[in-house]
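Student: I am new to this structure and would like to get to know it step by step. Could we look at it together?

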Amino acid sequence: MYEVVILAEQAMTAGDAHEVVSLHEDIDDSRHYHVLVPCADAAQDVGAALGTVAASEAVTAPQVFTAEVDVATAQDEIERGARDAVTASVAAIRSQGVEASGEFTSADPVARLTEVVAERGAAEVVVMTLPHSVSELLHLDWTSKARRRLGVPILHLLEHEPLDAEAGYGQGISGM
């Protein structure tokens, strides 16, 4: 089985799934796609926000969350959104006639990607993001980090952007 792991910043559309699956049409072996969607860790976000506010000139930090239950509620909402993105992405890929599975993670996305590639014996990785010019320029983006860690081919696609639009043809979302 030819295994492809997809690190997707947000839910994949039917168009995204078609673009990814079409990359592997000539492979004779059966194909399986595993979607990995990162999500935030609410507790870490609160700690970072409070640290930023505390480091400023403010005398007291504003109360962001009133109790741990608020952090748990926020995390539940974050995870629900990530779960929905995984479900939509897997459904979009399966609609292309291939097998798919998925998961979400609040861990470092590239670290979890590295684990998933090893666990699944992936032959290839596809990273799907929105444009992030500054992080890509500084090689801090997921694709650059994954290339340094993994020994498999990695393709970076822009979500909701047809392949020919990425090459400078068509319109797509690059102007947003």
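Tutor: Gladly! The buried residues of α6 pack against β1 (2-8), β2 (31-38), α4, β4 and β5 (154-158). Buried means under 20% relative accessible area, exposed over 50% and partly exposed in between, with a 1.4 Å probe and protein chains only. Two notes on the source: this is a predicted model, where local features need pLDDT of at least 70, side-chain atom pairs count only at pLDDT 80 or more, and totals for chains, interfaces and linings use all residues. Residues are numbered from 1 along each chain as its sequence is written, and side-chain values use heavy atoms, with hydrogens and water left out.

Student: Which residues in α6 are buried?

Tutor: Helices here are DSSP runs of H or I with at least four residues, strands are runs of E with at least two, and both are numbered from the N terminus. Helix α6 covers residues 142-149. Its buried residues are W142, T143, S144 and A146.

Student: What pattern does the chain follow along the sequence?

Tutor: The chain has seven helices and five strands. Read in sequence order, the pattern is β-α-β-α-α-β-α-β-α-α-β-α.

Student: At what angle do α4 and α6 pack?

Tutor: Two packed helices are described by the angle between their axes and the distance between the axes. Axes are lines fitted to C-alpha atoms, for helices over the stretch in contact, and angles run from 0 to 180 degrees between N-to-C directions. For α4 (residues 109-120) and α6, the axes are 10 Å apart and the angle is about 40 degrees.

Student: Why is α4 called oblique to α6?

Tutor: Angles under 35 degrees count as roughly parallel, over 145 as roughly antiparallel, 65 to 115 as roughly perpendicular and the rest as oblique. The angle between α4 and α6 is about 40 degrees. That makes α4, relative to α6, oblique.

Student: Which residues of α6 does α4 meet?

Tutor: Contact means heavy atoms within 4.5 Å. From α4, the residues taking part are P109, V110, A111, L113 and T114. Their partners in α6 are W142, K145, A146 and R149.

Student: Is L7 buried or exposed?

Tutor: L7 is found in strand β1. Leaving aside neighbours within four places in sequence, its contacts include L113 and W142. The C-alpha atoms of L7 and W142 are separated by 8.6 Å, although the two residues are 135 apart along the chain. With 0% relative accessibility, L7 counts as buried.

Student: How far apart in space are V125 and V4?

Tutor: V125 lies in strand β4 (residues 124-129), and its relative accessible area is 0%. Leaving aside neighbours within four places in sequence, V125 is in contact with several residues, among them V5, L113 and L150. V125 and V4 are 121 residues apart in sequence, yet their C-alpha to C-alpha distance is 5.6 Å.

Student: What is the relative accessibility of D141?

Tutor: D141 lies in the loop between α5 (133-137) and α6. Its C-alpha atom is 9.5 Å from that of T129, twelve residues away along the chain. D141 counts as buried, and its relative accessibility is 8%.
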